[in-house]
Amino acid sequence: HAKSNGRGTVHLFDPALSEAARQRRVLEAELRTALAENQFELHYQPLVELGGQRTVGVEALLRWRHPERGLVSPVLFIPLAEEMGFIVPLGDWVIRQACRDAAKWPDHVVVAVNVSGIQLHQKGFAASVLAALREAGLAPGRLEVEITESVLIDESEASLDNLETLRAAGIRFAMDDFGTGYSSLSYLRRFPIDKIKIDRSFMKDAQTNADALAIIRAIAGLGASLGITTLVEGVETEEQLGIARAEGIDQVQGYLFSRPQPKAEIEGKLG
Ligand code: C2E
Ligand code: MG
Ligand code: MG
Ligand code: MG
C-alpha cells in the first residue's frame, strides 16, 4: 500500500518492509553493545607455504558470540557494520586484538587482518595501526593487511596516504578475493602489493572448468614475474592441493589444512 506524505514522496507501508527495518535497528543496537560487552572474538586460519608445508601465517577472521544466537558469521554483520560506520571501531578492535595475539607467537608467523575500505578511508587509520603494533610490541613486518580490489577503485587521498604510511613502516599488503572485483592489473603497478589471494571460486571450479584453471595458472605466472606471493583460498581436497602445487602457487589456505579456529586451538600448531 503506497501513501503520499503530501510532499510528493511516496512511502510504502509494507509490513514486511517495516519488520526488516525493525530487525535492522535491533541488530545495530546489538552490535554496539557487543563491542562494549566483549562478544567479538577472532578465529585464526593457517596460511600454508607449499614448499615446506609450513604455517607461515594465520588469517584473523571475526566472529560474534551472540548471547542467544551463538557464533555469528561475519558475512551476516560486516555489511551492516560498514553501512553504520561501526566497522571503524570494530575494525580497530580487530587490529589491536590480532596484534596482541600475534605478539605471543613465533617470529615467522605473520598475522593477516581484513580491512574494509571504510577503515582505509579514515584519516587516522595508519596512525591507529602503528599504535596497535607499538602497544602490542609486534614488528610491523608481521602484520599483513588484506584489502579487496574495490578498496582501490575509489581511491581517495586519505586511503593512498594510509597505504603509503603503512607500507613505509614495513606492513605488508595482500589483495583479497582476487579475480572477483573489477580487477585492473594497473592496480598492481600503482599499489605495491605483496600478495595476491586468488578467490576460492577459482579453486572450486578448477577441476571441472578449464578457464578457472587457466586463470589460476595466469595469476601464478603474473605473481612470479612481478615478485608477488600468490595464495589460493579454499583448498579443501588433496586434488586441489595438487593443482596449486602444479601451477606453482606459493601458499594455500583452506579446510584441508584447518578451518578457522579459536586462538587457543591454533596456538598449539604454530611451532
Ligand atoms: P575472506 O577474507 O576471503 O576470508 C576467507 C573466508 O573463506 C573465511 O570465511 C573462511 O572461513 C573461508 N574459508 C577458508 N577456507 C575455506 C575452504 O576451504 N572452503 C570454504 N568454503 N571456505 C573457506 P568467514 O570467516 O566466514 O569470513 C567471510 C568474510 O568476512 C571474509 O572473507 C572477509 O571478507 C570478512 N571478514 C572476516 N573477518 C573480518 C574482519 O575482521 N574485518 C572485515 N572487514 N571483514 C572480515
Ligand atoms: Mg581475507
Ligand atoms: Mg579472501
Ligand atoms: Mg573470500
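Select α9 (200–205), α10 (210–226), β10 (229–232) and β11 (251–252): these elements are among what covers the buried residues of helix α11. The model is predicted, so keep that in mind at each stop.

**Helix α11**

Now select residues 238–246, which make up α11, and colour Q240, L241, I243 and A244, the buried residues of this helix. Look down the axis: these residues lie on the same side of α11, because they cover an arc of only 155° around it. The spacing follows a general rule: an α-helix has 3.6 residues a turn, so residues three or four places apart point the same way.

Turn the view to the face of α11 directed away from its buried side. Select E238 and A246 there; both are exposed.

Next, step just past the end of α11 to G248. Its phi is positive, at about 75°.

**Ligand 1**

Move to ligand 1 and show the 24 residues around it. Which of them come nearest to the ligand? They are R63, N114, D176, R200 and E236.

- R63: a polar atom of its side chain is 2.8 Å from an oxygen atom of ligand 1.
- D177: a polar atom of its side chain is 3.0 Å from an oxygen atom of ligand 1.
- E236: an N or O atom of its side chain is 2.5 Å from a nitrogen atom of ligand 1.

Finally, show the surface of the protein around the ligand. On its own, ligand 1 has 800 Å² of accessible area, and the protein covers 84% of this.

Methods:
Residues numbered from 1 in each chain as written. Chains lettered and ligands numbered in written order. Predicted model: local features only at pLDDT ≥ 70, side-chain atom pairs only at ≥ 80, totals over all residues. Heavy atoms only, no water. Buried < 20%, exposed > 50% of the residue type's maximum accessible area, 1.4 Å probe, protein only. Helix = DSSP H or I, 4+ residues; strand = E, 2+ residues; numbered from the N terminus. Arc of directions from axis to C-beta. Contact = heavy atoms within 4.5 Å. Near = heavy atom within 4 Å. Polar contact = N/O pair within 3.5 Å; in protein donor to acceptor, adjacent residues only side chain to side chain. Areas by Shrake-Rupley, 256 points an atom, 1.4 Å probe, with all protein chains shown as cover.
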